[in-house]
Amino acid sequence: MRNFRVYILIFLLMPFIIFAEDGSKLWLRFPNVKNGISSEKIISKGKNPTLEIAKKELMSYWQGQTIELRTDKSLKNLKDGYVIKSNSGKIIISAAKESGLLYGVYHILRLQQTKSDFSHLNITEKPSYDIRILNHWDNLDGTIERGYAGHSLWKWEDLPNKISPRYEEYARVNASIGINSVVLNNVNASPNMLRTDYLQKVKVLADVFRAYGIKVYLSVNFSSPKVIGGLENSDPLHKNVQQWWKEKASEIYNLIPDFGGFLVKANSEGQPGPQDYGRTHADGANMMADILKPHGGIVMWRAFVYSPSKEDRAKQAHLEFVPLDGKFRDNVIIQIKNGPVDFQPREAFNPLFGALKKTSEMVEFQITQEYLGFSNHLVYLAPLFKETLDSDTYSDGKGSTIAKITDGTLRPAQLTAISAVANIGEDTNWTGHHFAQANWYAFGRLAWNHELSAENIADEWIKMTFTDKAAFVNPVKKIMLSSRETAVDYMMPLGLHHIFASGHHYGPEPWGDYKGGRPDWSPVYYHQANAQGIGFDRTKTGSDAVSQYFSPLNTIYGDIETCPENLILWFHHVPWNYKMKDGKTLWEELAFKYDSGVQNVREYQKVWDQMEAYVDPERFTQVQSKLKIQAKDAVWWKDACLLYFQTFSKMPIPYDIERPVHELEDLKKIKLDLKHHN
Ligand code: GCV
């Protein structure tokens, strides 16, 4: 009898057991598909591990017509792109490479998942960038710098013998959005990464990823020859140092013949680099480039450099790299953060884009939400990515967008690449917040085709990840599309930046003044609030960062009347009573922005609660809880910033906005125990 009751209970719970959703499948969900097509309905020639994966995906999930997978060398100009055509009752996917066929398969599966019409297909796809790369900031001890989704996926202690099934799942998910490269370790790189025992572990990962079209790269520590090679120093111009790198490269390529190359953070935030020996970034990068060249490897050299000096931090990369233009080897690409400070909720674009005329440039985005509420806040980043890519630098006249500079359209670049710092960890749902999965997805989709709109990408992602019911898709899409602006509003509207709590960067600390420490890590350095006004004067009479922009942007940004208001405090120190375009004073505008950020998050909560019927209970409640945190944090931000800035403006908080619920002095006492350095 007891057993019988247990059976009944299991039977009743069956639908929930089967349909329990923990987010682990990401956007590769096929909830109603039991089987795909049979092997007879797949026509293909030859055997190849990538092709086998493509077929397996079709046999597991594809429910449409017969598919022919055809390699066609004449499609070489599409690189790893593909052509999909409907042809007398079947679909033909052709590509020059097997990876192209696999991407084509994921394309049609996406059409099926989003219930698109695939009766008359005639699609040609060519990726915007050759290298579409995720940068992991994973450390060898399993922690992740700025990681908010648990520990690292890479189990270094278990490797090379034990292979976690998640390595392959990870590769598959990346392939499904066209990501073809990964840097496994933190740019603050441990020299140990290049030890032979670690390289053998890296080889195992590279072997798993290869069939999914993914190449492995490593971040390297510039001092490796000294630290693990026992040399006297790591001077890039010393023969024995060069010899050390040469042997290291041979060792790597023996293990991993298709190894991608190195990513280097040098002379930045305490990392070693060529300048330690009086050499330039070009000397350092070229030494490595020469060594990798015979193997087909490349160097991604980061432009994120700044030192504690009197110079405006936003200017330093440009000052450092422009004089080196033309001096880099053709297998070096300069990796440039989207903004000149550091992945802020909104920055002006980095003026280095377009300024290097004879050097390949690539964008570095940050998917992990270091400055956007970690994995607690729902912030859809495609609008931020698009804002950067679509920014017109005017470097070669009107229309010189960052997209066109970096994808080789404007200048025949030797290398084209785009990167982003991953938000992936060992959490079951990979990214901590279910909606943070959308940012991984969006980066991959834009790396493949930077002309896609943030809206289209959101639309696809929602349908694949949740449901295609319009009553869910439309309101949720609205949330996603406005969420980045909402976060800017409750954190740092109107061009404010870097007023985070020190170290961990979670929550506000506009009063932060690290006297005796580095001024460029202090919020007061960035907002410059005083009795007259607020904002960083980067005009000609200030730090003159505006002059790093091409005409007419230098004048547009440099004039308070023409500077876009969403960047006004980035470029100007603005009087509190300055009249904004809508007639409000700057102070009122600031207050309204903070309030509107808060109100929007409350609205997201209301909308989400109405979505309960369309989402599985697990993901519904998890997102609901995260929105509660976001709503509380938004109020915290608003109160902290307005109450603190009010001590300078001495103006009342406009009476028609929500009143503060905190005391400034209480907020100042908050010290979260989240460890980090700056
Ligand atoms: C990997 C910021 C982050 C650091 C990061 C650095 C970088 O300063 O706070 O954690 O270090 O950027 O991009 O190198």
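Close-up 1. A polar side-chain atom of Lys 337 lies 2.6 Å from an oxygen atom of the ligand, which is one of the polar contacts, taken here as pairs of N or O atoms within 3.5 Å. Glu 370 places a side-chain N or O atom 2.6 Å from a ligand oxygen, and for Glu 145 the corresponding distance to an oxygen atom of the ligand is 2.4 Å. Taken alone the ligand exposes 340 Å², of which the protein buries 100%; these accessible areas come from the Shrake-Rupley method with a 1.4 Å probe. This is a predicted model, in which local features need pLDDT of at least 70 and side-chain atom pairs count only at pLDDT 80 or more, whereas totals for chains, interfaces and linings use all residues. Residues are numbered from 1 along each chain as its sequence is written, and side-chain values use heavy atoms, with hydrogens and water left out.

**Close-up 2. The shell of residues around the ligand.** The ligand is surrounded by 17 residues, and the closest are Glu 145, Lys 265, Arg 302, Lys 337 and Glu 370, a residue being counted if one of its heavy atoms lies within 4 Å. By class, this shell holds four nonpolar, five polar and eight charged residues, where Asp, Glu, Lys and Arg count as charged, Ala, Val, Leu, Ile, Met, Phe, Trp, Tyr, Cys and Pro as nonpolar, and the others, Gly among them, as polar.

**Close-up 3. The largest pocket.** The largest pocket has a volume of about 1,400 Å³; a pocket is an open set of points on a 1 Å grid over the protein atoms alone, where a 1.4 Å probe fits, with protein on both sides within 12 Å along at least five of seven lines, and lining residues have an atom within 4 Å of a point. Of the 42 lining residues, Glu 21, Arg 29, Phe 30, Pro 31 and Asn 32 lie nearest the centre of this pocket. Helix H2 (49-61) is among the helices that each supply at least two lining residues, and H2 gives the largest share, five residues. The lining comprises 19 nonpolar, seven polar and 16 charged residues.

**Close-up 4. The second largest pocket.** About 530 Å³ of space lies in the second largest pocket, whose lining of 23 residues has Asp 80, Lys 97, Asn 180, Gly 213 and Lys 215 nearest the centre. Two or more lining residues come from each of H3 and strand S8 (215-219), with H3 giving the largest share, three residues.

How values were computed. Points joined across faces, edges and corners; volume = space filled by probe spheres on them. Helix = DSSP H or I, 4+ residues; strand = E, 2+ residues; numbered from the N terminus. Polar contact = N/O pair within 3.5 Å; in protein donor to acceptor, adjacent residues only side chain to side chain.
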